[in-house]
Amino acid sequence: MAPFLVKNMGKRWGSPLLWILGVGAIVRLLFLFYMADLELRMDEVQYQEIAVNLTEGRGFALNGRLTSWRPPLYPIVLSVLYTLTGTTDPVVARGFQAILSLLNGLLVYLLGRRLFGERVGIGAALLFTFYPSFLFYNNHLLTEVLFTFLLTLTGYCFLAYLQTARL
């Protein structure tokens, strides 16, 4: 992780943050295990089909035809994951999203701590990490987890820039 993200965190790993992220990881693994066979529905089917088509060299296609129906970033990320792992099993995407969600919890902590102090950072991380909707979204092939992470990362980077005046 970039040094600017973890500045002064070495002494904090004994804090409640470690417990929040550790228990959050266990909860996400349990959800992943119990929802591994979750059937894809509606938008998920289309994201999966486009990602598989990209992975197998058929282009950004849906129902056998090139499309611009869906935004490209999420299917491209899925395609990269599928290429790296050698499978098009949605469980790979769900596992990636669980990890991304935990990283987002860390970013929420860092953002809250930087803006309002340690207690707010811990509280924000706790709320984000165990908020039921966020836990369930990890197991659906939808853009929410990726874009929530990117939004939080952008907010954190913007704040870091404003506070340090360095890119």
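**Figure 1. The largest cavity of the predicted model has a volume of about 70 Å³.** A cavity is a set of points, on a 1 Å grid over the protein atoms alone, where a 1.4 Å probe fits but cannot get out. Grid points are joined across faces, edges and corners, and the volume is the space filled by probe spheres set on the points. Lining residues, which have an atom within 4 Å of a point, are Ser101, Asn104, Phe128, Phe134, Tyr137, Asn138, Glu144, Val145 and Thr148. The elements giving two or more residues to this lining are α4 (90–116), α6 and α7, and α7 gives the most, with three residues. By class, the lining holds four nonpolar, four polar and one charged residue. Here Ala, Val, Leu, Ile, Met, Phe, Trp, Tyr, Cys and Pro count as nonpolar, Asp, Glu, Lys and Arg as charged, and the others, Gly among them, as polar.

**Figure 2. The second largest cavity holds about 30 Å³ of space.** The structure has two cavities of 30 Å³ or more. Tyr74, Val77, Leu78, Phe96, Gln97, Leu100 and Leu146 line the second largest cavity. At least two residues of this lining come from each of α3 (73–85) and α4. Six of the lining residues are nonpolar, one is polar and none is charged.

**Figure 3. Asn138 lies in the loop between α6 and α7.** Asn138 counts as buried because its relative accessible area is 3%; buried means under 20% (1.4 Å probe, protein chains only). Leaving out residues up to four places away in sequence, Asn138 touches Arg28, Arg94, Gln97, Ala98, Ser101 and Val145. A contact means heavy atoms within 4.5 Å. Asn138 is also one of the residues that line the largest cavity.

**Figure 4. Asn139 is found in the loop between α6 (132–137) and α7 (144–164).** Asn139 is buried, with a relative accessibility of 2%. Not counting residues up to four places away in sequence, the contacts of Asn139 are Phe31, Leu32, Met35, Leu38, Glu44, Arg94 and Gln97. Gln97 also belongs to the lining of the second largest cavity.

**Figure 5. Helix α2 (residues 43–55) has 13 residues.** The expected span of a helix is 1.5 Å times one less than its number of residues. For α2 this gives 18 Å, and the end C-alpha atoms are 18 Å apart, which agrees. Glu44, Tyr47, Gln48, Ile50, Ala51, Val52 and Asn53 of α2 are buried. The buried residues of α2 pack against β1 (61–62), α3 and α4. Gly57, which follows α2, has a positive phi, near 80°.

**Figure 6. The chain has seven helices and two strands.** Helices (H or I, at least four residues) and strands (E, at least two) are DSSP runs, numbered from the N terminus. From the N terminus on, the order of the elements is α-α-β-β-α-α-α-α-α. Of the 167 residues in the chain, 39% are buried. The C-alpha atoms fill a box of roughly 50 × 40 × 25 Å, taken along the principal axes.

**Notes to all figures.** Residues are numbered from 1 along each chain as its sequence is written, and side-chain values use heavy atoms, with hydrogens and water left out. In this predicted model, local features need pLDDT of at least 70 and side-chain atom pairs count only at pLDDT 80 or more, while totals for chains, interfaces and linings use all residues.

Terms used. Buried < 20%, exposed > 50% of the residue type's maximum accessible area, 1.4 Å probe, protein only. 1 Å grid on protein atoms, 1.4 Å probe; cavity = no way out; pocket = protein on both sides within 12 Å on 5 of 7 lines; lining within 4 Å.
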